[in-house]
Amino acid sequence: MAILLVTNEFDITSDFLIETIEKKGGRVFRLNTENFLRDTIKINVEIGNQYFKPILEYCSRKINLSTIRSAFYRRPIRPKLTHIDDDASRSFIETETAAFTSWLWQSLCCFWVSHPRNIRSAESKIDQLRIAPLLGLRVPRTLLTNQPDAVRGFYKECKGKMVNKVLAKGIVE
């Protein structure tokens with residue numbers, strides 16, 4: 001029985017967490033996601049009529065993922081593909097990696113601390129605004145639109161007292 005800790009190599013808090021769990025007799029398998037496409041992480045999923053054997057090897061440690069009983073999705077970082085110059089190849093690999101890791105997290109039949117699906121759901125500003133009144137919270141008058149004239153009208157109605165927020169990433173690169 002093991003705990004999977006999904007994080008990154010710079011997450012020093014995880015070092016203390018692992019030490020504490022192991023002192024209490026627990027077994028932790030740390031997966032630093034930025035290394036996902038490097039040789040340090042090896043994944044083999046064998047599927048047949050009578051078997052399903054997902055094996056993950058990382059830093060010379062090997063684990064059958066079906067033995068994971070708890071998982072903590074803490075501070076993952078996307079793998080970096082700086083060594084791939086071709087944009088189409090890089091995009092393809094990123095898409096396939098995202099599809100595989102999404103399946104991997106969904107396939108683990110265990111207790112999750114902060115399941116990725118729940119994190120994504122909680123990050124939705126639209127859902128936050130939709131659910132807050134149902135929980136008794138006050139929500140300011142809000143407009144979500146792709147129509148510039150609607151924004152101008154809303155701005156006038158609010159007498160210029162308006163806040164603009166992005167729905168996802170707040171940085172233009």
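A word on the basis. The model is predicted, and local features need pLDDT of at least 70, side-chain atom pairs count only at pLDDT 80 or more, while totals for chains, interfaces and linings use all residues. Residues are numbered from 1 along each chain as its sequence is written, and side-chain values use heavy atoms, with hydrogens and water left out.

Helices (H or I, at least four residues) and strands (E, at least two) are DSSP runs, numbered from the N terminus. Four strands make up an open sheet, ordered S2-S1-S6-S7, with parallel pairing. Its edges are S2 and strand S7 (111–113); each has a single partner strand, so one side of each is left without a neighbour in the sheet. From one strand to the next, the twist averages 20°. Axes here are lines fitted to C-alpha atoms, for helices over the stretch in contact, and angles run from 0 to 180 degrees between N-to-C directions. Helix H1 (residues 12–23) packs on this sheet and touches S1, S2 and S6, and its direction makes about 165° with that of S2. Contact means heavy atoms within 4.5 Å.

Now the pairs. Two strands pair if DSSP finds at least two bridges between them. Strand S1 (residues 2–7) is joined to S2 by 5 bridges, and Val-6 stands opposite Leu-31 in S2.

Is S2 mostly covered or mostly open? It is mostly covered, since 5 of its 5 residues are buried; buried means under 20% relative accessible area, exposed over 50%, and partly exposed in between, with a 1.4 Å probe and protein chains only. In a regular strand, side chains alternate between the two faces of the sheet. In S2, Val-28, Arg-30 and Asn-32 point one way, and Phe-29 and Leu-31 point the other way.

Leaving S2, we reach a loop. Asn-35 lies between strand S2 (28–32) and strand S3 (41–47). It counts as buried because its relative accessible area is 8%. Not counting residues up to four places away in sequence, Asn-35 touches Glu-9, Thr-40, Ile-41 and Tyr-58.

Three strands form it, open and antiparallel, in the order S3-S4-S5. S3 and strand S5 (61–64) are at the edges, each with a single partner strand, so one side of each lacks a neighbour in the sheet. The twist averages 15° from one strand to the next. S3 and strand S4 (residues 52–58) are joined by 7 bridges, and Asn-44 has Ile-55 in S4 as its bridge partner.

Last, Leu-135. It is in the loop between helix H4 (125–131) and helix H5 (148–157). Leu-135 counts as exposed because its relative accessibility is 65%.
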